[in-house]
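Please look over the sequence and the model below. The text after them goes through the structure place by place.

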Amino acid sequence: MIQLQNIFLAFGGHTVLDSITWSIREKRRIGLVGPNGAGKTTLLRLISGEQKADGGSITHGGWRVGYLKQDTQELAADRTVLQEALEAFAGIQEIQTREKELLAQMENYQDHSDDAYARIMDDFAHVHEQLAAREAHLIVPRTESVLSGLGFGSDDMHRPLKTFSGGWRMRVALARLLLDQPDVLLLDEPTNHLDIDSIAWLEDYLRTYPGTVVLVSHDRRFLDRMTNWTVEIMQGRLTEYAGNYDFYLQERQIRREHHRAAWENQQKMIQDTERFIERFRAKATKATQVQSRVKALDRLDRIPELPPDDAQISFRFPKAPRSGKVVLELSRFSKTYPSEFGDIKVFENAEPVHIERGQKIALIGRNGAGKSTLARMMLGTEPFEGMRKEGHNVHMQHFAQHQAESLNPNQTALDALREVAYERSETELRTILGAFLFRGAEVEKPIRVLSGGERSRIALARTLTSPANLLVLDEPTNHLDLQSIQVLIEALTQYSGTFVLISHDRHFLDAVATSVWRVEDGHLFQYDGTYAEYEWKQRAVEDEEKAVEKHRAKRKKADRVENRKDSEERARAQEARDGDGNKRASSELARLNDYQLNRKHTVLESDILDLETEKESMESRLADPEIFANPEAGRKLMADYEALQQKLTECYARWEIMAEELTSRS
């Protein structure tokens with residue numbers, strides 16, 4: 001258990017954490033929530049030891065803590081993706097290096113009767129036992145599996161980190177942390193740089209994670225699925241809720257209502273008491289009662305008034321002119337980018353695009369599949385092979401992260417918004433900025449002093465306050481907190497125009513979209529219905545494919561068993577013919593140590609699997625009547641098939657001898 005006791009922290013006179021006490025218990029899945037700036041990331045940094053508190057103490061109880069930071073500076077840019085992720089097993093890799101050194105010494109040693117050779121053998125056996133206990137043979141396949149789940153292809157794993165963007169490097173940092181398996185996993189916005197497929201994989205992975213997980217996320221679906229405990233940070237205080245984010249929202253509302261009722265009752269009591277004091281202060285006969293009530297008020301533990309609920313903030317799109325029925329059309333299209341490694345085909349003769357007035361489209365797909373490229377093609381800013389036709393009276397607005405770079409650095413946030421929404425009052429503009437996390441004096445800050453995320457939010461506010469009947473929004477929720485995302489959901493739900501959204505926030509997409517378009521392998525696949533309905537259809541297809549694959553696997557297994565029986569019979573006959581050879585083989589195996597024998601056994605099993613796969617391929621070709629249209633080719637294939645069967649028989653025989661030897665040693 002990790003214990004935080006009376007933790008106090010302040011920045012520039014502003015209290016961030018006000019004497020909080022908290023216990024992080026074993027195997028919990030904790031969602032850390034609260035408005036931007038409340039101290040969520042700061043709390044993770046304190047727990048990880050990255051930052052020190054001004055007061056209080058943190059004890060880790062022997063637990064090992066792993067923290068996913070929002071930067072990747074500690075990663076070695078010259079390492080490949082696979083090498084960097086394998087650093088999670090640095091201890092095992094050191095033992096493997098020692099094993100290779102000992103093996104080289106054994107192979108080069110001439111006198112096997114020497115005591116020094118015996119000591120090397122003992123060291124080698126000890127090292128081998130360590131590697132076996134820590135399942136060293138699994139670290140590469142495990143690492144490749146995690147990297148694949150996070151979106152890396154087989155070729156990507158051997159590319160240097162320096163050839164990847166910051167978002168992809170964050171994935172490597174996440175993979176390394178997951179493979180390290182600390183007792184407590186601290187994840188700060190782990191889904192920020194992931195696409196929908198990778199987020200789904202991460203959810204499956206974390207469900208079986210053996211330790212405790214504490215995560216900060218603005219992805220509501222991810223929080224709901226991953227957490228069984230929610231901790232809210234608000235105004236320096238910490239409040240715990242025994243459930244996921246959805247439970248937290250309901251319970252928080254109930255607690256707020258109870259708090260408000262208690263506060264109102266107390267305020268009424270205070271007012272009644274103050275009126276009594278004021279009324280009878282001058283009467284000598286009531287002096288004792290007046291003094292008693294004055295003291296009671298002084299001793300009263302006053303219930304603080306609740307801060308306003310952010311959910312009260314609302315935002316509406318400006319009224320836009322009505323477009324024609326057909327808003328936008330693209331013919332079948334292709335798109336290729338030239339690169340130093342050759343042309344990269346993003347789309348190849350992809351399906352036509354037809355968007356009608358009022359459609360609410362979610363554009364999804366893996367990172368790099370071409371979603372943003374397609375968005376720019378829709379806007380007419382990206383050249384491509386095909387035709388684009390815009391509908392009648394269409395007024396477009398586009399939001400992309402890079403738009404923040406074009407803001408005037410000398411303007412304030414309020415000026416930047418007023419520039420595109422000059423017809424709105426200052427009160428309305430401040431309300432809109434409040435929905436995008438700029439409150440009070442923050443609206444007067446010059447853009448040049450704002451962070452990249454803050455500038456991005458201003459660019460989004462400018463986009464949404466401009467009259468338009470077709471919106472193309474690329475990751476609009478990236479720098480918003482959960483309350484602001486809800487404000488945007490409500491605004492888009494009421495929006496009467498047409499929009500295309502690129503987002504990895506599944507709750508957001510499910511709340512606002514009525515069609516799902518997936519970009520994959522150079523094509524565009526269109527589905528009618530909400531994102532939840534799309535997921536249901538995909539699961540149904542996957543379940544059917546798994547059932548078919550399971551049936552095929554059963555048939556293959558049955559065929560393999562039958563083939564093995566035939567081969568074993570042939571092997572026994574062969575063994576009778578050359579029993580002496582097998583005895584010699586057994587004698588040779590007896591001279592090997594356990595490690596060498598296991599290694600040979602593993603290699604042989606792999607060879608058998610390859611031969612069986614090749615045999616299945618040959619059988620498929622032999623089943624094709626056209627192969628015998630050329631008699632010579634047919635005879636050659638039959639000869640190769642018989643030779644392969646003979647080789648398999650010999651391998652099965654050697655495998656049995658090795659298995660018997662291994663059994664005798666166990």
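This is a predicted model: local features need pLDDT of at least 70, side-chain atom pairs count only at pLDDT 80 or more; totals for chains, interfaces and linings use all residues.

Residues are numbered from 1 along each chain as its sequence is written, and side-chain values use heavy atoms, with hydrogens and water left out.

The side chain of Thr230 also reaches the backbone oxygen of Gly243, at 2.7 Å. Thr230 sits in strand β8, residues 229–234; strands (E, at least two residues) and helices (H or I, at least four) are DSSP runs, numbered from the N terminus. Is Thr230 buried or exposed? Thr230 counts as buried because its relative accessibility is 1%; buried means under 20% relative accessible area, exposed over 50%, and partly exposed in between (1.4 Å probe, protein chains only). The accessible areas come from the Shrake-Rupley method with a 1.4 Å probe, and for residues only the protein chains shown count as cover.

Another threonine, Thr498, belongs to strand β18 (residues 498–502). With a relative accessibility of 0%, Thr498 counts as buried. A polar atom of its side chain lies 2.8 Å from the backbone nitrogen of Gly358.

**Salt bridges**

Side chains of opposite charge can pair when their charged atoms come close. The structure holds 34 salt bridges, each being a side-chain nitrogen of Lys or Arg within 4 Å of a carboxyl oxygen of Asp or Glu. One of them joins Arg252 and Glu232, at 2.8 Å from N to O. This pair links distant parts of the chain, with Arg252 in helix α9 (residues 245–280) and Glu232 in strand β8, 20 residues apart. Strand β8 is also the place of Thr230. Arg252 is buried, at a relative accessible area of 13%, and Glu232 is buried at 6%.

Which residue forms a salt bridge with Arg518 in which the closest N and O atoms are 2.4 Å apart? The partner is Asp197. This pair, too, links distant parts of the chain: Arg518 is in strand β19 and Asp197 in helix α7 (residues 196–207), 321 residues apart. Arg518 counts as buried, with 7% relative accessibility, whereas Asp197 counts as partly exposed at 22%. The side chain of Arg518 also meets that of Glu520 in a salt bridge of 3.0 Å, N to O. Glu520 is partly exposed because its relative accessible area is 31%.

**Loops and backbone angles**

Most residues other than glycine have a negative phi, and most peptide bonds are trans. Asp521 is not a glycine, yet its phi is positive, near 50°. Asp521 lies in the loop between β19 (515–520) and β20 (523–528) and is exposed, with a relative accessible area of 71%. Glu135, also not a glycine, has a positive phi of about 50°. Its place is the loop between α4 (115–133) and α5 (139–149), and at 42% relative accessibility Glu135 counts as partly exposed.

Leu177, in helix α6 (residues 166–180), is buried with a relative accessible area of 10%. Leu177 and Ala85 are 92 residues apart along the chain, and their C-alpha atoms are separated by 8.3 Å. Ala369 lies in the loop between β14 (360–364) and α11 (371–379) and counts as buried at 17% relative accessibility. Ala369 and Glu305 are 64 residues apart along the chain, with 50 Å between their C-alpha atoms.

**A charged patch**

Which residues gather in a patch of negative charge on the surface? They are Glu542, Asp543, Glu544 and Glu545. Patches are made of residues with over 30% relative accessible area and no salt bridge: like charges are joined within 9 Å, and nonpolar side chains (Val, Leu, Ile, Met, Phe, Trp, Tyr) within 5 Å. Glu544 is in helix α17, residues 531–577, and is exposed, with a relative accessible area of 57%.

How values were computed:
Lys and Arg count as positive and Asp and Glu as negative; His and the chain ends are not counted. The place of a charge is taken as NZ of Lys, CZ of Arg, CG of Asp or CD of Glu. A polar contact is a pair of N or O atoms within 3.5 Å; within protein, one must be able to donate a hydrogen and the other to accept it, and residues adjacent in sequence count only if both atoms are side-chain atoms.
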